Amino acid sequence: MQTIVIFGGCSAIAEQVARIYATRGAQLFLVDRNEQRLEDIAADLKVRGAEKVEYAVLDLTQTDRFDGCLEQINKALGGVIDVALIAHGTLPDQSACEQSVDKTLLEIQINAISTIALLTKLANQLEQRGAGTLAAISSVAGDRGRQSNYVYGAAKSMMTTFLEGLRNRLAKHNVHVLTIKPGFVDTPMTASFSKGPLWAKPEDVAAGIVNAIDKKRNVAYLPWFWRYIMLIIRHIPEFVFKRMGL
Amino acid sequence: MSEFQSWGCYPKVDQKGVSMSDRHQDLPKSDSAILPFGNGRSYGDSCLNADGVVVSTMALNRFIDFDTESGVLRCEAGVMLWEILDLVVPHGWFLQVTPGTKFVTAGGAIANDVHGKNHHLKGTFGCHVRQFELLRSDGQRLCCSAKENADYYAATIAGLGLTGMITWVELQLKRVTSPAIAMENIKYQNLDEFFSLSEESDQDWEYTMAWVDCVASGSNIGRGHFMRGNHADASVSLPPAPKLTLQVPFTPPISLINSYSLKAFNWAYYERQQDRVKSAVSHYEPFLYPLDSILDWNRIYGPKGFLQYQCAIPYDNGLAAMKDILRLIAQAGFGSFLAVLKVFGDKHSPGLMSFPMRGVTLALDFPYVESKTLPFFKQLDDVVVQTQGRIYPAKDAHMSAELFQAFYPQWRELEALRDPKINSSMWQRVTQEI
Ligand SMILES: Cc1cc2nc3c(=O)[nH]c(=O)nc-3n(C[C@H](O)[C@H](O)[C@H](O)COP(=O)(O)OP(=O)(O)OC[C@H]3O[C@@H](n4cnc5c(N)ncnc54)[C@H](O)[C@@H]3O)c2cc1C
Ligand SMILES: NC(=O)c1ccc[n+]([C@@H]2O[C@H](COP(=O)([O-])OP(=O)(O)OC[C@H]3O[C@@H](n4cnc5c(N)ncnc54)[C@H](OP(=O)(O)O)[C@@H]3O)[C@@H](O)[C@H]2O)c1
């Protein structure tokens, strides 16, 4: 049976991914920081058919606790991780970050450093086994820096580049590395935004993630049209782009 | 305009929408009144809160526990009926009662105490709700059942969302031999025949209802197709669910329903079957949820929207009342594609304000046409009042305070248990001083 570990297991997108694996009868392990929510999600996944669901409560900025956490995960999943999904994240208040180095660095810590720390450890385990998938949710925001959102964008682009390198390293070891780049998704993270036609539902993005894992895709823009939107945005010359109010 | 509308897209109100995604949280704080909002499948204004806040429960959609031995399911209130069916059908269980669409939430099904094609045997949805948690705006959480907080249990079932937010529910499911339905479709000539078919079927057939040609008049009044079905034997394999789902992609600028399309459709629908009786084994979806295969079909009525008229009439007055109502509709040449007729049974609901009564119910849609629809409804209301019937709040956007208070004299008991921070457009309308 498949074993899945999800960091940021309470994320709205990740929860929908977990439901798909639960109906397939997988064994799941969730890591996030809200214990009550972890308990609720674990109960739901069991009802939906998961063979086993365990969780750990951890603030993922505490990189020094990753070894202990991974030990717990391996114990629960019998030492085999088929899919590791990294989904935790926060959407920074950009203007607050502009006024505070601490805030900016904390956002980079949550959205990039913690992910890189996790990937570093997980990569070695999967490399050794010579199998499995490492998937992480980056964002279209990492494709180009914009004034409204560049702290988040920079963290995501660090993640994207790191994943790209990791894929290059692990391909020969039969380890699949997937970079997930969603566009706008209607989740608690974006609760305060007004929604338009470009917005996707977490369950649809989740179906796209599982499909990309199953098909061993390298980079998945979700929904697919974001690949083309970002293609255009990336090709606007910088002397024009810098004057745009994006 | 609010993204939260009712199914009829009438009336249109300004309201704010917020979402609740954690059942352990308090209700959102607000200066104006709030109202729980499920999937907005109520037609009129019972799920609307003009100038207030609606609290969406769609993210409260986690299962909590499912005992595959006893068929007791506990889930959050925003779980939809289709999700429950997807989970329980493979284990040999089924919903005891389901309305004509699977796109409603468990919480919404309780708040309107919905009924289905098996009302004559199984009563309403509320009859099978073992317990639920009610969250009040002061933070109190009441576990409600027939034994515990029984007053809130009764007031919340068919309580139109007014007593508080249902956070989780516990349902008793029913064992079925098969999810497939062995059905018969009987083409019948007039209302008398409808009543005799109902009488003959109500003992042995779990699901019964009729589609009525609302254009037919004279001696043909009330003619239609009577459908009856039972869960098939275990040996019958489940036919595949129809794959094709259509969607009405956008709202056309005007209603596509007019007297010509109406006549043509009703005639074609009635005449589609030549034999009197046709038997088949069907997947439960097209049998129980025929309209769900066309997503967003409510858009065909155009931007002005539509209203549904659903009344129940005591059994003894049923034949006469239905004749009068259908005559008025045929004369006006105004109505909808299909009217639904069904005989209700006498199983008592725990809900204080439950709509069904031992009798017969008719439901049909009307496009909203200014200066036409509401005056026409007044004529129908007169028949309902004279025959001691009542109107279904889940479908209503027009009932006057006078009518409502006559139909539901127990409304003051609900008012006494209403959460002081909760209100709805409908409640404000129908509880005005008369
Ligand atoms: C195609 C179609 C067919 C239908 N067929 C039938 C039928 O056969 N029989 C029948 O009875 N009805 C039928 N209906 C009506 C529908 O079943 C009811 O209106 C149902 O209550 C809608 O549920 P909802 O989740 O969409 O709730 P909404 O319409 O959003 O809300 C309904 C009420 O429930 C309250 N509510 C919602 N969630 C909660 C909660 N968690 N706690 C407290 N209150 C809550 C709201 O405040 C509101 O008063 C049909 C509707 C459609 C569109
Ligand atoms: N929503 C979008 O439009 C969108 C678009 C592109 C990419 N993404 C990415 O998709 C991923 C999932 O986001 P989502 O939209 O599903 O949002 P979400 O529901 O808010 O999920 C984020 C989850 O991460 C958790 N988290 C945050 N910081 C943490 C920390 N330090 N330690 C442990 N857990 C932490 C959050 O917990 P708390 O609730 O306790 O904070 C929450 O459970 C994120 O990486 C996000 O950047 C989202």
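The legends below describe close-up views of a predicted model. Because the model is predicted, local features need pLDDT of at least 70 and side-chain atom pairs count only at pLDDT 80 or more, whereas totals for chains, interfaces and linings use all residues. Residues are numbered from 1 along each chain as its sequence is written, chains are lettered from A and ligands numbered from 1 in the order in which they are written, and side-chain values use heavy atoms, with hydrogens and water left out.

**View 1**
With a relative accessible area of 2%, Thr105(B) is buried (buried means under 20% relative accessible area, exposed over 50%, partly exposed in between, with a 1.4 Å probe and protein chains only). Its side chain reaches the backbone nitrogen of Gly108(B) at 2.9 Å, a polar contact being a pair of N or O atoms within 3.5 Å, of which, within protein, one must be able to donate a hydrogen and the other to accept it, while residues adjacent in sequence count only if both atoms are side-chain atoms. Leaving aside residues up to four places away in sequence, Thr105(B) touches Gly38(B), Asn39(B), Thr57(B), Met58(B), Ala77(B), Gly78(B), Val79(B) and Met80(B) (contact means heavy atoms within 4.5 Å).

**View 1. The shell around ligand 1.**
Among the 34 residues around ligand 1, those that come nearest are Pro36(B), Arg41(B), Ser42(B), Thr105(B) and Tyr392(B), a residue being near if one of its heavy atoms lies within 4 Å. At least two residues of the shell come from each of β2 (34–37), α2 and β9 (165–172) of chain B. The shell divides into 17 nonpolar, 15 polar and two charged residues (Ala, Val, Leu, Ile, Met, Phe, Trp, Tyr, Cys and Pro count as nonpolar, Asp, Glu, Lys and Arg as charged, and the others, Gly among them, as polar).

For the side chain of Asn112(B), an N or O atom is 2.8 Å from an oxygen atom of ligand 1. Taken alone, the ligand exposes 980 Å², of which the protein buries 96%, with areas from the Shrake-Rupley method.

**View 2. The salt bridge between Glu15(A) and Arg19(A).**
The closest N and O atoms of this pair are 3.3 Å apart, a salt bridge being a side-chain nitrogen of Lys or Arg within 4 Å of a carboxyl oxygen of Asp or Glu. Because Glu15(A) and Arg19(A) are four residues apart in helix α1 (residues 12–23) of chain A, about one helical turn separates them. Both Glu15(A) and Arg19(A) are buried, and they belong to a network of salt bridges that also links Asp44(A), Arg48(A) and Arg62(B).

**View 3. The salt bridge between Lys323(B) and Asp192(B).**
These side chains meet at 3.9 Å, N to O. Lys323(B) lies in helix α8 (residues 315–332) and Asp192(B) in helix α5 (residues 191–201) of chain B, so the pair ties together parts that are 131 residues apart in sequence. Lys323(B) is partly exposed at 29% relative accessibility, as is Asp192(B) at 41%.

Key: Areas by Shrake-Rupley, 256 points an atom, 1.4 Å probe, with all protein chains shown as cover.
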